[in-house]
Amino acid sequence: MIQLKVDFAKDILHVDPIESVSLFLDRLEKHSLSFTPWPSYPEKPDVHFSIAHTNDAILLKYYVREKSIRAMVNTINGNVWEDSCVEFFISFDDSGYYNLEFNCIGTALIGFGKGKSVRKLLPEDIIKKIKYQVLINNIHDGGYKVKWELSLSIPASVFMYHKLNSFKLKESRANFYKCGDGLQEPHFVTWANIISKEPNFHLPEFFGSLEFT
């Protein structure tokens, strides 16, 4: 099983401005989304992420380079996976997992449940507690034409079905994704590999291990 340690951000508080969080995450190690599990979808954007925690929040930043972007969804809990989208799925126990999905303009969809067909969407007021920053630039780099970054500060209260007083020393299982179902070249890229016949990110049995230090 792929494993990752999530370090404590001793110099950052979750109440800090998201701009400060973004700059802090820039200094950390970047982890690659290197798997394209489904041969029918060979397109592979360049995607990395950095991650840390502040005891009461998860700090996460995605770095994406791709051929084009789509940003049509601006309604919370809309179909963001049809746009240029990054996703973070995490489980703290066997009761279910959270799917946190964000398109390239920061629109979020967040749910909780045990499987793809059994999801409870989180209320908008809970989702709005997440602070985010988006940066988008045009580039010409090896076939990639767009570069975008998404910085997130996700407070523990977002994980509303668990009483998380602190992330410190917490063990969890998770996966990180990039997709774009509605793009000209749909793609499905993952951090921890998935084995299934059809594209499906909702397979917690293939999550990797996250250890909060």
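1. Strands S3 (residues 46-53) and S4 (residues 57-66) run antiparallel and are joined by eight bridges. Strands here are DSSP E runs of at least two residues and helices are H or I runs of at least four, numbered from the N terminus. Within this pairing, Asp46 stands opposite Arg65 in S4. The model is a predicted one, in which local features need pLDDT of at least 70 and side-chain atom pairs count only at pLDDT 80 or more, while totals for chains, interfaces and linings use all residues. Residues are numbered from 1 along each chain as its sequence is written, and side-chain values use heavy atoms, with hydrogens and water left out.

2. S3 and S4 belong to an open sheet of five strands, paired antiparallel in the order S2-S3-S4-S10-S9; two strands pair if DSSP finds at least two bridges between them. Strands S2 (31-32) and S9 (131-141) stand at the edges with a single partner strand each, so one side of each has no neighbour in the sheet. Helix H1 (residues 18-26) packs on the sheet and touches S3, S4, S9 and strand S10 (144-155), where contact means heavy atoms within 4.5 Å. The direction of H1 makes about 70° with that of S4; axes are lines fitted to C-alpha atoms, for helices over the stretch in contact, and angles run from 0 to 180 degrees between N-to-C directions.

3. Two asparagines deserve a check of their backbone. Asn55, in the loop between S3 and S4, has a positive phi near 75° and is partly exposed at 25% relative accessibility. Asn77, in the loop between S4 and strand S5 (85-93), has a positive phi near 65° and is buried at 18%. Buried means under 20% relative accessible area, exposed over 50%, and partly exposed in between (1.4 Å probe, protein chains only).

4. The whole structure holds 22 aromatic pairs. Rings of Phe, Tyr and Trp (its six-membered ring) pair if their centres lie within 6.5 Å; planes under 30 degrees apart count as stacked, over 60 as edge-to-face and the rest as tilted. Phe49 and Trp191 form an edge-to-face pair, 6.3 Å centre to centre with 85° between the planes. This pair links Phe49 in strand S3 with Trp191 in the loop between strands S12 (188-190) and S13 (208-212), 142 residues apart. Phe49 is buried at 0% relative accessibility, and Trp191 is buried at 5%.

5. Ring pairs also link Trp38, Tyr41, Phe89, Tyr97, Tyr177, Phe188, Phe201 and Phe207 into a cluster. Arg119 lies over the face of Tyr97, at 4.1 Å from the ring centre; the criterion is NZ of Lys or CZ of Arg within 6 Å of the ring centre and within 35 degrees of the ring normal.
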